Structure formats: C-alpha cells, structure tokens
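Please consult the sequence and the coordinates alongside the text.

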Amino acid sequence: LLVLDKYMPEMMSEDAINKLVTKTILELGVVGPQDMGKIMVHLKGSIGDSADMGLVSKIVKEKLI
C-alpha cells in the first residue's frame with residue numbers, strides 16, 4: 001500500500017477546491033442550483049482524480065444556495 005501511495009495523485013486541499021469552484025461559477029455564469037450539473041461536469045474534467053468529488057459537490061451546493 002505504501003508503494004502504491006507514492007504513485008497516487010496528490011489530493012487538492014479544501015481551500016484549493018473552494019477557489020476553483022468559485023472561479024468556475026464565475027466563468028460559466030451560473031445563476032443557481034439548477035446549473036449544478038454543468039458545474040460538476042466542468043470540474044470533473046479539470047480536477048480529474050485529484051479531489052474527492054463528494055467534497056467538491058458539497059462545496060458547489062453551499063455556494064449555489
């Protein structure tokens with residue numbers, strides 16, 4: 001497990017995710033919770049496996065409400 005851990009991508013911090021979500025919301029011109037899917041698709045493409053998407057989803061929901 002320790003050997004595999006060396007090859008795993010480093011996970012993004014919650015602060016970095018917050019900044020990326022805010023930036024994405026502004027770039028996409030999102031107006032409310034109905035656009036959450038659009039944001040999540042965009043973020044999944046840019047984040048890949050370097051963040052917990054459950055945490056990303058939670059942050060997006062908090063920012064859209």
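The structure is a predicted model, in which local features need pLDDT of at least 70 and side-chain atom pairs count only at pLDDT 80 or more, while totals for chains, interfaces and linings use all residues. Residues are numbered from 1 along each chain as its sequence is written, and side-chain values use heavy atoms, with hydrogens and water left out. The protein chain contains 4 helices and 0 strands, where helices (H or I, at least four residues) and strands (E, at least two) are DSSP runs numbered from the N terminus.

**Overall architecture**

- Along the sequence, the protein chain reads α-α-α-α.
- The C-alpha trace of the protein chain spans about 45 × 20 × 15 Å along its principal axes.
- Of the 65 residues in the protein chain, 31% are buried; buried means under 20% relative accessible area, exposed over 50%, and partly exposed in between (1.4 Å probe, protein chains only).
- The protein chain exposes about 4,600 Å², and carbon and sulfur atoms supply 61% of this area; accessible areas come from the Shrake-Rupley method with a 1.4 Å probe, and for residues only the protein chains shown count as cover.
- Among contacts (heavy atoms within 4.5 Å) between residues at least 6 apart in sequence, 59% join residues at least 24 apart.

**Helices α3 and α4**

- The axes of helix α3 (residues 36–47) and helix α4 (residues 53–64) come within 11 Å and cross at roughly 140 degrees; axes are lines fitted to C-alpha atoms, for helices over the stretch in contact, and angles run from 0 to 180 degrees between N-to-C directions.
- α3 and α4 are therefore oblique to each other, given that angles under 35 degrees count as roughly parallel, over 145 as roughly antiparallel, 65 to 115 as roughly perpendicular and the rest as oblique.
- The contact involves M36, I39, M40, L43, K44 and I47 of α3, together with M53, V56, S57, V60, K61 and L64 of α4.
- The residues in this contact of α3 with α4 comprise 9 nonpolar, 1 polar and 2 charged; Ala, Val, Leu, Ile, Met, Phe, Trp, Tyr, Cys and Pro count as nonpolar, Asp, Glu, Lys and Arg as charged, and the others, Gly among them, as polar.

**Helices α2 and α4**

- Helix α2 (residues 14–28) packs with α4 at an angle of about 50 degrees, their axes being 10 Å apart.
- α2 and α4 are therefore oblique to each other.
- From α2, the contact draws on E14, I17, N18, V21, T22 and I25, and from α4 on L55, V56, I59, V60, K63 and L64.
- By class, the contact of α2 with α4 has 8 nonpolar, 2 polar and 2 charged residues.

**Helices α2 and α3**

- α2 and α3 pack at about 125 degrees, with their axes 10 Å apart.
- This angle makes α2 oblique to α3.
- L20, V21, T24, I25, E27 and L28 of α2 meet K38, I39, H42, L43, S46 and I47 of α3.
- The contact of α2 with α3 divides into 7 nonpolar, 3 polar and 2 charged residues.

**Individual residues**

- S57 lies in helix α4 and is buried, with a relative accessible area of 16%.
- Apart from its neighbours within four places in sequence, S57 is in contact with M36 and M40.
- A51 sits in the loop between α3 and α4 and counts as buried at 8% relative accessibility.
- Apart from its neighbours within four places in sequence, A51 is in contact with M11, M12, I17 and V56.
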